[in-house]
Amino acid sequence: MGARSQEMYQKKVFISSRGDSLNYRLLRPEVEKTGLQYPLVLFLHGAGETGDDVEKVKWLGPPALIDRGRQYPFIVVSPRSAEHGWKPEFLYKLISQLKEDLRVDEDRLYLTGLSMGGYGTWATAQVYPELFAAIIPICGGGSPGMAWRISMPVWCFHGEEDDVVPFSQSQEMVDAVRGL
């Protein structure tokens, strides 16, 4: 097998009967005739990228690296929140649609996000703990009282000098997941 080419494009998925939708950027390995299934990484942006222009998700994280030419052997989905915050039920519907449309390895679904996306990562993992193989919240916080629901591996990052989201927000969640 040679190097896989990748494609990135924008899509929209409708997620409620009220007409709610999520725009997203999608990068996937070239579909091969082998029938392979691929891991899926869902990346949630921070509050600074909120709005209608889905191109802004390329500012940080995996979408920024992809925009600079980085290639990955997995599917990367970067939705755009039109309003402040992430709704776990919307993300669940997006993932459900992606599993129907793409060759997704359902045992290798990963969720990550930074700042507002870090909060969305914690919240979505607490609502749908059986869905993810692991989560990677960055600079976010959550509901420590619901941490008992998180049963997957967690790799949490947060700089102590963050002047937007207090470091204590991540530390409280990590302590709660560890049962401290």
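## Two helices side by side

Let's start with a pair of helices: helix 3 passes helix 4 in a left-handed crossing. This is a predicted model, and in it the two helices pack at an angle of about 25 degrees, with their axes 12 Å apart. Angles under 35 degrees count as roughly parallel, so helix 3 and helix 4 are described as roughly parallel to each other.

Which residues make this contact? On helix 3 they are Y119, W122 and Q126, and on helix 4 they are Q169, M173, V174 and V177. Sorted by class, the contact has 5 nonpolar residues and 2 polar ones, with no charged residues.

## A closer look at helix 3

Helix 3 covers residues 116-127, and its 12 residues should span 16 Å at 1.5 Å a residue; the end C-alpha atoms lie 17 Å apart, which agrees.

Most of this helix is covered, with 9 of its 12 residues buried. Among them are W122 and Q126, both of which also take part in the contact with helix 4.

## Two loop residues to look for

Most residues other than glycine have a negative phi. Two loop residues here have a positive one. S115, in the loop between strand 5 and helix 3, has a phi of about 55 degrees.

The other is C139, with a phi near 55 degrees. C139 sits in the loop between strand 6 and helix 4, and is buried, with a relative accessible area of 18%.

Key: Residues are numbered from 1 along each chain as its sequence is written. This is a predicted model: local features need pLDDT of at least 70, side-chain atom pairs count only at pLDDT 80 or more; totals for chains, interfaces and linings use all residues. Side-chain values use heavy atoms; hydrogens and water are left out. Helices (H or I, at least four residues) and strands (E, at least two) are DSSP runs, numbered from the N terminus. The expected span of a helix is 1.5 Å times one less than its number of residues. Buried means under 20% relative accessible area, exposed over 50%, partly exposed in between (1.4 Å probe, protein chains only). Axes are lines fitted to C-alpha atoms, for helices over the stretch in contact, and angles run from 0 to 180 degrees between N-to-C directions. Angles under 35 degrees count as roughly parallel, over 145 as roughly antiparallel, 65 to 115 as roughly perpendicular and the rest as oblique. A crossing is left-handed if the near helix is turned anticlockwise from the far one by less than a right angle, and right-handed if clockwise. Contact means heavy atoms within 4.5 Å. Ala, Val, Leu, Ile, Met, Phe, Trp, Tyr, Cys and Pro count as nonpolar, Asp, Glu, Lys and Arg as charged, and the others, Gly among them, as polar.
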